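User: I would like to go through some labels used for this model and see what each one rests on.
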Amino acid sequence: MKTYLQTISIIILILLVACRDKAQLENKSLIMAKNTHVSSLKKTAKKYLIAWSEYDTLLQQSVTIQNVVRNVNGENISYNQHELFKSMHFWQRAMPDIKIVDKEIAVIENRAYVNWESTGTNTGMFGKTPPTGKVGQTSGISILTFNDAGKIVHEAAYFDKLSLMEDLGYTLSTPIMN
């Protein structure tokens with residue numbers, strides 16, 4: 001009887017250890033999957049910024065969905081890739097040497113929070129305004145939302161447009177009071 005109890009105790013001990021190891025393996029698998037997900041979304045966010053800097057519409061197309069929505073400083077600017085490309089064209093025409101680099105990227109669930117900095121020389125038409133030849137710089141943040149396939153479905157970008165325009169030589173006039 002004593003041998004029987006010892007055998008059962010050893011079997012229970014082995015089962016407990018085996019179950020604990022399985023739980024640890026499952027936790028490690030979950031952590032690895034999360035790290036892979038985070039890494040993948042960070043890479044896509046970097047590609048998005050590179051596409052803007054290099055005026056690479058094919059790269060932009062590869063990381064966004066067809067009906068991507070872009071919101072800048074609270075205003076919807078584009079509702080699809082074609083409109084996004086027109087926005088890229090506007091900035092590339094105004095500042096052909098524009099560079100947008102990430103300073104920090106944080107990923108939480110299906111969103112990447114990208115702190116970025118942009119610089120460029122206004123050597124082209126800024127809309128209907130002739131170039132000033134001055135260098136402009138601004139910092140901003142973009143919140144990129146991804147679908148389950150890891151493509152960008154929405155961007156909410158915020159940056160200080162006034163300081164950028166002042167860098168380019170524009171001034172803010174005192175309002176006319178009636």
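User: What makes the pairing of Lys46 and Asp102 a salt bridge?

Analyst: A salt bridge is a side-chain nitrogen of Lys or Arg within 4 Å of a carboxyl oxygen of Asp or Glu. The side chains of Lys46 and Asp102 meet at 3.2 Å, N to O, so the pair meets that definition. Lys46 is in helix H1 (residues 2-54) and Asp102 in strand S3 (residues 99-108), 56 residues apart. Helices (H or I, at least four residues) and strands (E, at least two) are DSSP runs, numbered from the N terminus. This is a predicted model, in which local features need pLDDT of at least 70, side-chain atom pairs count only at pLDDT 80 or more, and totals for chains, interfaces and linings use all residues. Residues are numbered from 1 along each chain as its sequence is written, and side-chain values use heavy atoms, with hydrogens and water left out.

User: Why is Lys46 called partly exposed?

Analyst: Buried means under 20% relative accessible area, exposed over 50%, and partly exposed in between (1.4 Å probe, protein chains only). Lys46 has 38% relative accessibility, so Lys46 counts as partly exposed. Asp102, at 25%, is also partly exposed.

User: How do you know that Arg70 forms a salt bridge with Glu155?

Analyst: Their closest N and O atoms are 2.8 Å apart. Arg70 lies in strand S1 (residues 64-72) and Glu155 in strand S6 (residues 152-159), so the pair ties together parts 85 residues apart in sequence. Both residues are buried.

User: Why is Asn71 called buried?

Analyst: Asn71 has a relative accessible area of 11%, so Asn71 counts as buried. Asn71 is in strand S1.
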